[in-house]
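Hi,

Here's the structure I promised to pass along.

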Amino acid sequence: MLKFFLSRCVSAIPVVFGVVTLSFLIMHALPGDPVAAMLSRSGATPAQIEALRAELGLDKPVVVQYFGYLWNLVTGDLGRSLISAERVTQLLADNLPPTLLLASLAMAVAIPVGIVMGAFAGIFRRSWYDHFVMGFTAISVSVPAFWIGLMLVMLFSVQLGWLPASGQGSARSLILPVAALSLGAISTVARATRTNMLEVLKQDYILTARAQGKSELSILFIQALPNALVPVITMIGLQFGWLFAGAFFIEAAFSRRGLGTVLVDAIQKSDFPVVQGAVLVTALFYVGLNIIIDVLYAVIDPKIRFD
Amino acid sequence: MLSFAAACYRHRTARFAIAILVVFSVLAILAPQIAPYDPYDARILESMMPPSGEHWMGTDLSGRDIFSRIIYGARVSLVIGLFAVAISCSIGTTIGLISGYYGGRFDNLVMRMIDVMMAFPGILLAMSIVAMLGTGLVNVIIAVGIGGITEFARVSRGSVLTIKEEVYVDAARSSGCSDARIIFRHILPNAFPPVLVLASMSYGWALLSATGLSFLGLGAAPPAAEWGAMLSDGRNVMWDAPWAAIFPGIAILFVVLASNLLGDAIRDILDPKITD
């Protein structure tokens, strides 16, 4: 098992390297000068532009800058914000936890709800319930999650006055954002579970179990469902990455502090070190998550290990 | 081609989806004729009026007619989706075809690069590109387009791998066709069905991403009649004029739902085996 984990980590190295390079390119891919572009908006003098270029090391050759960037990463230095001069690592450390919390809670809601919803839709195929689930999921993946968030606020905050429309502190202020964010993931998990459930119910071993006179309940939930869930696990990994990025929009809709707010603000102000840091962290998180999912997958389904 | 159109017409979901898309396209094309008001005409005295016979969907903070803005917004939003998918599809499919056809080390390298791009959730990749190019509607289209390339490359490469083993490809090669001719005249038409399904699905994804980026203030700037920017406007007056945020979202829902359903339907029609 450890060997599989290590081999999976090794095969992720080129991807991590690529992610780092891509985040470096955010500031360097375009001809022209990001500092001049940024400062010209605020009306800086050429001398100020030169000073900032020197400070960021932009006056050195690109290759030198690239290795400097790599070296800084190894030493855990992501530079400083061009606007607030705050350390990027500090900024990320402050703003990553709320986003992570939001995404994790949404995932924690989406997995059981989606599985239950999808499993029953598969079992009662073509019933009114199945049609309802299919309709519900089709609609909820077709609307922006942040719009769902706004609708929930209108209903539960503006009309009914039950829950806060924005804010950070209390657990109550998390309910609507988590609901809005989880909806899309619930639908994706439900659809995948339904499809796999239908697939599994066609298998011979289910027929065998029926022939042996096992109770329908044990056939569905002990024989069929666990097998139907194996492929769903990989999908959950992908979904989590999407939820993490989706949280950026939810933060904007609910005026919550988080990585998304920081990233959007930095993009608008061309604060490149912050953009690089936020993008890098999100992408690395996604890569790491997929390794974990792969390993989990191999633990559950031993066939994978020999591929 | 004709039989494909006929099959689409016979397929109930396809008919429904196409009908929605046709309605929105007509609204977009005939916007100046259909819209009752100028979408940019701010009448401050008519600010935040609820839906009525005069203003079917009410007015926004500046007193602009929301129905007219949604109709004009269809022009922007539908075109964003088209251009973004055109970028993803043309570049992605070309990469996938060439990479899959030649295989070997080149294919390996290309797939590694695709892996790296896939390490970014699509929307994050799009945001990074907006950070590079700067904010604005055109840059958002480019960014969303690039964000979708990987899927097209993967899907088209997948079908090339099976198609290039077919006898007719051998036949083309032995009759002296150039590689370019084999790829684009013989392989592409046969690799096209899954790409078409993906294109339809991506259209919805592209529209959602672009409106999302505009909502964040990275795309179309606020006075623009664009659905995402309208939602961002509507959010600010959510307490007093909920209609300003409700209707643009419903418009997005219809178009994205239609393109997703159309994708499903095309897959059904082209490959009835995988229907559940």
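Predicted model: local features only at pLDDT ≥ 70, side-chain atom pairs only at ≥ 80, totals over all residues.

Aromatic rings first: the count over all chains comes to 16 pairs. One of them is A:F120 with A:F124, a stacked pair with 6.2 Å centre to centre and 10° between the planes. A:F120 is partly exposed, at a relative accessible area of 29%, and A:F124 is partly exposed too, at 44%.

Then there's A:F146 with B:F215. Their ring centres are 4.0 Å apart and the planes sit at 10°, so this pair is stacked. Why does the pair join two chains? Because A:F146 lies in helix 7 (residues 145–159) of chain A, while B:F215 lies in helix 10 (residues 179–215) of chain B. Both A:F146 and B:F215 are buried.

Back in chain A, you'll also find a cluster: A:F24, A:Y66, A:F67 and A:Y69 are linked by ring pairs.

Now for helix 10 of chain B, the one that carries B:F215. Straight, a helix of 37 residues would span 54 Å at 1.5 Å a residue, but helix 10 of chain B spans only 45 Å between its end C-alpha atoms. Along the way there is a kink of about 55° at B:L188, shortly before the proline B:P189. And just after helix 10 of chain B, have a look at B:G217, which takes a positive phi of about 90°.

Cheers

Note on methods: Residues numbered from 1 in each chain as written. Chains lettered and ligands numbered in written order. Heavy atoms only, no water. Phe/Tyr/Trp six-rings, centres within 6.5 Å; stacked < 30°, edge-to-face > 60°. Buried < 20%, exposed > 50% of the residue type's maximum accessible area, 1.4 Å probe, protein only. Helix = DSSP H or I, 4+ residues; strand = E, 2+ residues; numbered from the N terminus. Expected span 1.5 Å × (residues − 1). Bend = angle between axes of the 7 residues up to and from the residue.
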